[in-house]
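Try each task before you read its solution.

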Amino acid sequence: MARQDVASMSAVALFIGAFVSVPTSVQSIGVCYGVIANNLPPANDVVQLYRSKGITGMRIYFADAKALSALRNSGISLILDVGNDQLASLAASTSNAASWVQKNVRPYYPAVNIKYIAAGNEVQGGATQSIVPAMRNLNAALSAAGLGAIKVSTSIRFDEVAKSFPPSEGVFANAYMTDVARLLASTGAPLLANVYPYFAYKRDPQNIKLNYATFRPGPTVRDDKNGLTYTCLFDAMVDAVVAALEKAGAPGVRVVVSESGWPSASGFAATADNARAYNQGLIDHVGGGTPKRRGALETYIFGMFNENFKRGELVEKHFGLFNPDKSPAYPIQFK
């Protein structure tokens, strides 16, 4: 989960207007299944919980055999992360990528509906140089195995966008992202982006209004450069990623929001009420897309469970929609 660098979001409070929510269907929403905990239910029970709530998409952060087996014939579509620890190996050779695919994809697909493979999650520093080679090798391995329908991407932190306000000024901070964007354009894969209005609000609560950050009625923001009006910070952040893709020469690449959420305890503005408002608002909103790109926006909430072994600030342990005993952390409605 990214600590967003959101200094450029500080100008968002331009004027107050009316908020209009856009209803959606659950098909636009998935939920990330993190397992950094020692008290979570078995994978089979987790998949059943997804199905009972009408959640049709899942993201897992490594090739977890228990989760993959539990997902067989479930109807749940999947983002499968390779795990950052595998990235250098996958980048090193096509044979390594082929071995990974044979071990972690072929035994499960198509009984498990693997939709995207994420070659890295919020990769930073020198490891970013492995992203494009790993993506190329995975694409080649999937094609050779007759699995070319599975799209390969990478999941980025929001601070890969150097300038995010106004949204139309969005541009990627690092040169390697141009190569990523153009590779995605050539394969038809989306860019996976982790988008957290929570961290933007936490960084600058004086200029970003809580209602604007949590899909509640209240503030709106106008982008004078493109004439679009924003009723929520989430849309503005997503459209900044879209603008960055355009500037990188990849205007046709879709954005899939691979993580977004709000904590319910143990941090600034981390309350059950704010978490419910944000996540329910997100569920109800994404079917309409953003001002720049209308239509359903595929989005994954982080996360399914509160995870008691998460590192970092205490708030990191409280992003779950559910407690480990499968009880809701707060009321939420998927269908």
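Before starting, note that this is a predicted model, in which local features need pLDDT of at least 70, side-chain atom pairs count only at pLDDT 80 or more, and totals for chains, interfaces and linings use all residues. Residues are numbered from 1 along each chain as its sequence is written, and side-chain values use heavy atoms, with hydrogens and water left out.

**Exercise 1. Find which elements the buried residues of α5 pack against.**

Step 1: Locate the helix. α5 covers residues 131–144; helices here are DSSP runs (H or I, at least four residues) and strands likewise (E, at least two), numbered from the N terminus.

Step 2: Pick out its buried residues (under 20% relative accessible area with a 1.4 Å probe, protein chains only; exposed is over 50%, partly exposed in between). Among them are Ile-131, Met-135, Leu-138 and Leu-142. An α-helix has 3.6 residues a turn, so residues three or four places apart point the same way.

Step 3: List the contacts (heavy atoms within 4.5 Å). The buried residues of α5 pack against α3 (87–92), α4 (94–104), β5 (113–121), β6 (151–156) and α6 (176–187).

Step 4: Gly-146 follows α5 and has a positive phi, near 75°.

**Exercise 2. Trace the strand order of the closed barrel, then follow the pairing from β5 to β12.**

Step 1: Write the order. The 8 strands run β2-β3-β4-β5-β6-β9-β12-β13, with parallel pairing; strands pair if DSSP finds at least two bridges between them.

Step 2: Walk across the bridges. β5 and β6 share 4 bridges, with Ile-117 partnered by Val-152 in β6. Next, 2 bridges join β6 to β9, where Ile-156 stands opposite Ala-193. Finally, β9 pairs with β12 (residues 255–260) over 4 bridges, and Ala-193 has Val-257 as its bridge partner there.

Step 3: Check both faces of β9. Leu-191 and Ala-193 lie on one side, Leu-192 and Asn-194 on the other, and all are buried. In a regular strand the side chains alternate between the two faces of the sheet.

**Exercise 3. Identify which residues touch the most other members of the largest nonpolar core.**

Step 1: Apply the criterion: buried Ala, Val, Leu, Ile, Met, Phe, Trp, Tyr and Cys residues joined through side-chain atoms within 4.5 Å.

Step 2: Helix α9 (residues 233–247) contributes the most, with 10 residues.

Step 3: Zoom in on one. Leaving aside residues up to four places away in sequence, Val-105 touches Leu-80, Trp-100, Ile-114, Ile-117, Leu-142, Leu-147 and Ile-150.

Key
Expected span 1.5 Å × (residues − 1).
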